[in-house]
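Here are some short notes on the model, for reading alongside the coordinates.

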Amino acid sequence: RGSLSGYGQHWYNSGEPTTGTFIVPVTGISWPTAQLTLSLANFSSDVCVQVIVYRPDGSIAFNTADTSGTYLTMANSSQWHNIHFANGKTGNYTVWYSIWSWTGSTPSSGRINCWIY
């Protein structure tokens with residue numbers, strides 16, 4: 001049976017560019033399916049985050065905007081667990097993020113977490 005393991009995170013400082021990427025290095029054995037968990041920490045309640053997770057080959061593994069048009073928020077952060085996706089590979093996954101505030105203010109500081117397993 002295949003086994004994948006990886007974790008990556010980005011601490012966003014209020015005022016820095018609201019889009020960017022970070023890497024999740026994944027080790028183990030490639031498998032036809034994999035799972036991921038996304039979470040937020042420390043952001044204010046008005047912050048929304050879109051995340052796209054790219055496999056090592058550049059293909060999209062998961063996009064939060066494809067999930068009924070919802071985004072990560074502090075209110076729903078605990079709901080983004082055990083998300084299944086096909087073609088789990090080892091290597092460096094790239095996590096692209098876009099952060100904004102629904103009130104139009106500068107987004108507060110906070111952390112984006114991503115586990116792949």
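1. Buried here means under 20% relative accessible area and exposed means over 50%, with partly exposed in between. Y71, at 27% relative accessibility, is therefore partly exposed. Note that this is a predicted model.

2. Y71 forms an aromatic pair with W100, with 5.0 Å from centre to centre and 80° between the planes. That geometry makes the pair edge-to-face. Y71 sits in the loop between β5 and β6, whereas W100 belongs to strand β7 (residues 91-101), so the pair links distant parts of the chain, 29 residues apart. W100 is likewise partly exposed, at 29% relative accessibility.

3. The count of aromatic pairs comes to 6. Among them are Y7 and W115, whose ring centres are 5.0 Å apart with planes at 40°, so this pair is tilted. Y7 is partly exposed at 36% relative accessibility, and W115 is partly exposed at 33%.

4. Y7 and W115, together with Y117, also make a nonpolar surface patch of about 270 Å².

5. Is S77 buried or exposed? Its relative accessible area is 7%, so S77 is buried. S77 is placed in the loop between β5 (60-63) and β6 (83-88).

6. A polar atom of the S77 side chain lies 2.7 Å from the backbone nitrogen of L40. Leaving aside residues up to four places away in sequence, S77 touches L38, S39, L40 and L72.

Definitions and conventions. Residues are numbered from 1 along each chain as its sequence is written. This is a predicted model: local features need pLDDT of at least 70, side-chain atom pairs count only at pLDDT 80 or more; totals for chains, interfaces and linings use all residues. Side-chain values use heavy atoms; hydrogens and water are left out. Helices (H or I, at least four residues) and strands (E, at least two) are DSSP runs, numbered from the N terminus. Buried means under 20% relative accessible area, exposed over 50%, partly exposed in between (1.4 Å probe, protein chains only). A polar contact is a pair of N or O atoms within 3.5 Å; within protein, one must be able to donate a hydrogen and the other to accept it, and residues adjacent in sequence count only if both atoms are side-chain atoms. Contact means heavy atoms within 4.5 Å. Patches are made of residues with over 30% relative accessible area and no salt bridge: like charges are joined within 9 Å, nonpolar side chains (Val, Leu, Ile, Met, Phe, Trp, Tyr) within 5 Å. Accessible areas come from the Shrake-Rupley method with a 1.4 Å probe; for residues, only the protein chains shown count as cover. A salt bridge is a side-chain nitrogen of Lys or Arg within 4 Å of a carboxyl oxygen of Asp or Glu. Rings of Phe, Tyr and Trp (its six-membered ring) pair if their centres lie within 6.5 Å; planes under 30 degrees apart count as stacked, over 60 as edge-to-face and the rest as tilted.
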